[in-house]
Amino acid sequence: MELSDEIRISAPRDVVYQALNNVDVLRECIPGCEELTQASPDQLEAKVVLKIGPVKAKFAGEVTLDTSNAPDGFSLMGEGKGGAAGFAKGGADVTLTEDGDETILKYTAKVDIGGKIAQLGSRLIAGTAKKLSGKFFTKFGEVVSEQTVS
Amino acid sequence: MNDQTMTPEERAANLKGMGCARKRVEDVRFTQGKGNYVDDIKLDGMLFGAFVRSPYAHARVVSVNKDAALAVPGVVAVLTAEDLAPLGLHWMPTLAGDKQMVLADGKVLFQGQEVAYVVAENRYIAADAAELVDVEYEELPVLTDPFEALKSDVVLREDLAGQTEGAHGPRKHHNHIFTWEQGDKDATEAVLGEADVVAEEMVYYHRTHPCPLETCGCVASMDKVTGKLTLYGTFQAPHAIRTVVSLISGLAEHNIRVISPDIGGGFGNKVGAYAGYVCSVVASIVTGQPVKWVENRMENLMSTAFARDYWMRGKIAATKAGKITGLWCHTTADHGGFDACADPTKFPAGFMNICTGSYDIPVAYLAVDGVYTNKAPGGVAYRCSFRVTEAAYFIERMIEVLAIKLNMDAAELRRINFIKAEQFPYQSALGWEYDSGDYHTAWDKALKAVDYEGLRAEQAQRIEDFKAGKTRKLLGIGLTHFTEIVGAGPVKNCDILGLGMFDSCEIRIHPTGSAIARLGTISQGQGHATTFAQIIASEIGLPADDITLEEGDTDTAPYGLGTYGSRSTPVAGAATAMAARKIRPKAQMIAAYLLEVHDNDVEWDVDRFAVKGAPERFKTMKEIAFAAYNQAIPGLEPGLEAVSYYDPPNMTYPFGAYICVMEIDVDTGEWEVRQFYALDDCGTRINPMIIEGQVHGGVTEALAIAMGQEIAYDEMGNVKTGTLMDFFIPTAWETPNYTTDHTVTPSPHHPIGAKGVGESPNVGGVPAFSNAVHDAFRPFGLVQSHMPHDHWRIWKIANGLGMHG
């Protein structure tokens with residue numbers, strides 16, 4: 001499954017970039033995030049509760065960041081395991097472009113999904129993923145704008 | 001009116017014997033919700049089992065942590081392969097000479113494979129706890145394409161590493177299972193080389209699933225006091241299951257009682273042995289309590305036996321005039337992670353060698369290669385005799401492809417190649433002896449019934465209108481003439497795990513002239529209690545309404561191989577008639593004695609023996625039955641009963657002519673079946689109403705398979721059609737109206753001439769629907785397109801032919 005979107009955030013690029021690398025900000029913005037810890041400078045560990053259609057499960061995952069392109073963007077690779085509910089793995093490329101005081105965030109993600117979520121939720125995955133990423137960026141936009149204002 | 005004034009015809013009608021459209025006696029309980037299915041069985045202290053299943057299609061199982069699951073209140077046990085290994089039960093034999101993991105032993109080979117078995121006080125706790133079993137997997141490369149699997153370095157079956165010899169001969173590659181060859185390769189290739197015309201095509205019959213309304217399940221109950229195991233289950237072959245359980249568990253066979261209660265459809269899905277049965281038995285032995293396991297719908301679709309998945313490359317040779325001179329077929333058979341096909345032992349590709357169909361083809365050659373992939377095991381006969389529907393689809397597509405190549409009418413091409421009535425018994429090039437048939441009569445009747453010439457004229461006009469832009473709908477005329485091979489089978493070449501495929505019937509007549517019959521088969525909706533009583537009624541002159549039929553309890557029924565492959569009427573039906581006929585001589589002796597004449601001076605008359613030339617002097621079967629329980633004749637053993645174990649001399653070969661008329665919208669891909677005509681010749685007809693019901697049900701399943709139903713996998717080995725949202729089951733909305741018809745060509749070797757009918761409509765229906773789709777697009781250049789023909793794929797055909805402008 002491939003996802004891509006473009007979001008305008010009312011904050012300068014550096015602020016956005018730093019927020020994207022701030023574990024506390026991410027924990028607040030990721031829907032269903034129960035735990036998010038920085039295992040090493042380029043590694044995050046997460047526990048996220050996800051509900052896709054009739055399947056609700058806690059996913060434990062690891063995310064590896066590639067920040068060599070900062071602050072124009074970064075890449076990430078990750079894998080999440082939800083036990084009986086299945087698993088997901090994939091990666092995303094994020095680019096940040098300055099536009100005056102604002103930043104345009106573009107991402108493309110490729111995700112493979114397996115197990116029960118792939119079977120039961122296959123009709124719902126694209127919609128759910130869109131909804132979740134929408135929730136994330138709405139919240140992220142709010143948090144980052146507040147930080148800029150304060 | 002009494003017995004003396006009734007005519008023989010009136011007395012025969014009162015028996016409700018063969019030929020009577022007798023109402024199904026089973027429906028009294030089914031229509032009132034009073035059936036007794038496996039999940040209705042509730043025993044004291046019963047526990048419930050649930051599986052932990054692999055989300056991966058191919059992975060190493062690194063560890064299984066049960067702690068969190070065992071901590072859940074109400075959880076009794078969690079079994080893994082490690083627990084079963086000391087008992088030697090972590091693997092089990094399959095019906096195809098392979099072995100299969102009961103619980104994942106180091107790795108998993110398909111999504112949904114059983115990894116652990118949780119036993120708990122109720123099914124909700126079991127399901128919750130199953131989610132808490134923490135399994136660590138290490139992903140391995142996934143092979144879902146059999147052609148890729150045969151080239152890949154990835155070894156699926158590491159347990160077979162280095163084994164170059166399989167259950168059916170040499171293995172050519174580590175993912176190869178067997179090669180099965182039939183016919184004359186050299187002669188066939190010589191004919192292909194010299195032929196006027198050769199049509200070649202790849203015909204794929206996609207993977208699908210029987211998907212019975214009731215999923216698979218069982219209740220295992222070990223009585224530690226008596227040492228007796230009772231196993232209730234959705235078994236199409238209860239006796240074979242008893243023997244298998246005895247062989248793999250080491251329990252003495254007399255200490256195992258297998259009971260198949262009411263079964264909500266089987267269609268081949270319930271023939272094999274599944275991990276759920278083994279785990280439930282072990283759990284009951286370990287806990288001393290009954291254990292129930294019932295699959296949910298997703299588990300059924302993704303783990304218990306699939307059907308088809310045959311890639312059939314064909315070459316058919318003919319003269320310019322359309323006389324077929326040879327047929328060649330190479331099949332690549334995707335068997336999934338284990339070879340668990342349910343076929344007679346000597347037939348690893350079932351009866352695929354019936355693929356010469358209804359046609360007189362002088363030479364033919366068939367080779368089938370079985371291949372392991374990361375898909376669920378199975379390969380069962382989904383409402384067909386072993387691989388017969390694949391064979392019928394193959395030849396009926398190849399005939400259409402040849403008709404295109406010859407620019408001939410496909411109905412005429414069939415007619416000039418049919419085996420002629422006078423050629424029966426007919427020896428086919430691939431080794432079968434067809435018992436009887438009259439294909440030309442059936443074909444002409446079918447074409448006339450649908451006004452074939454008129455339909456072709458209408459189609460020609462439609463094509464003109466389409467080209468002129470007056471319509472966007474095409475008309476397809478799907479033709480099929482199929483020949484089945486059912487009733488497995490003669491013990492000389494048919495066995496399963498060494499058990500000959502005979503079947504049995506025991507009849508006991510009670511003093512008051514009613515009776516009970518017990519059979520080695522088990523109805524899953526076929527209506528045995530109705531039809532087999534009719535056979536007995538006609539054979540021994542007792543009313544069908546006075547005959548109880550009992551099946552499915554191995555403690556009481558005589559040994560038989562069960563119900564699948566349309567074998568019940570050809571084999572157990574024959575045993576029923578033969579058992580009844582064994583009763584008649586004793587009844588005749590008693591009648592003659594009571595009438596004070598010599599045995600040879602009485603003759604059978606519908607429901608009685610009467611003195612020859614004096615029909616007013618008679619003894620009815622009812623009177624004879626009562627006498628049999630006294631000292632009817634001095635020195636004669638009391639009672640009136642018989643048992644027959646029937647080993648059929650040959651298979652039976654039902655046939656039929658099906659025609660489907662379909663409207664197709666080229667812009668949406670939507671289809672509508674305007675007319676479906678089904679002519680079946682199943683030999684002697686026992687109950688016309690049940691035959692009609694079987695044809696309606698079977699054609700509806702054929703519609704599902706041809707037009708949408710499939711088990712689809714993505715490249716990661718995920719089952720994409722694991723729920724009824726995605727797996728097509730027709731409802732009343734999609735189901736068209738059917739016209740049924742028949743001819744009657746009795747089987748010459750069957751005691752009552754019957755051939756079996758339950759699966760014909762699936763065998764004939766699938767090519768009829770598929771050929772209709774192909775026929776609609778034939779004028780626009782379509783030769784072959786793979787099923788299922790759902791709206792999207794039909795739209796793609798039209799798009800690919802440039803019909804969207």
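Visitor: Which domains does the domain assignment of chain B give?

Guide: This is a predicted model, and the bounds that follow come from a domain assignment. For chain B that assignment gives three entries, each built from separate segments: domain 1 (8–35 + 503–646), domain 2 (45–140 + 215–263 + 270–303) and domain 3 (306–488 + 651–800).

Visitor: Which helix gives the most to the side of domain 2 of chain B that touches domain 3 of chain B?

Guide: The centres of domain 2 and domain 3 of chain B, taken over C-alpha atoms, are 37 Å apart, and their contact takes 19 residues from domain 2 and 24 residues from domain 3. On the domain 2 side, the residues divide into nine nonpolar, eight polar and two charged. The element that gives the most to that side, with five residues, is helix α10 (residues 297–303) of chain B.

Visitor: What radius of gyration does chain A have?

Guide: Chain A holds four helices and seven strands, and its C-alpha atoms fill a box of roughly 45 × 30 × 25 Å along the principal axes. With 150 residues, a compact globule would have a radius of gyration near 15 Å, and chain A agrees with this, having 15 Å.

Technical notes:
Residues numbered from 1 in each chain as written. Chains lettered and ligands numbered in written order. Predicted model: local features only at pLDDT ≥ 70, side-chain atom pairs only at ≥ 80, totals over all residues. Helix = DSSP H or I, 4+ residues; strand = E, 2+ residues; numbered from the N terminus. Rg over C-alpha atoms; globule rule 2.2 N^0.38 Å. Contact = placed C-beta atoms within 7 Å. Nonpolar A, V, L, I, M, F, W, Y, C, P; charged D, E, K, R; others polar.
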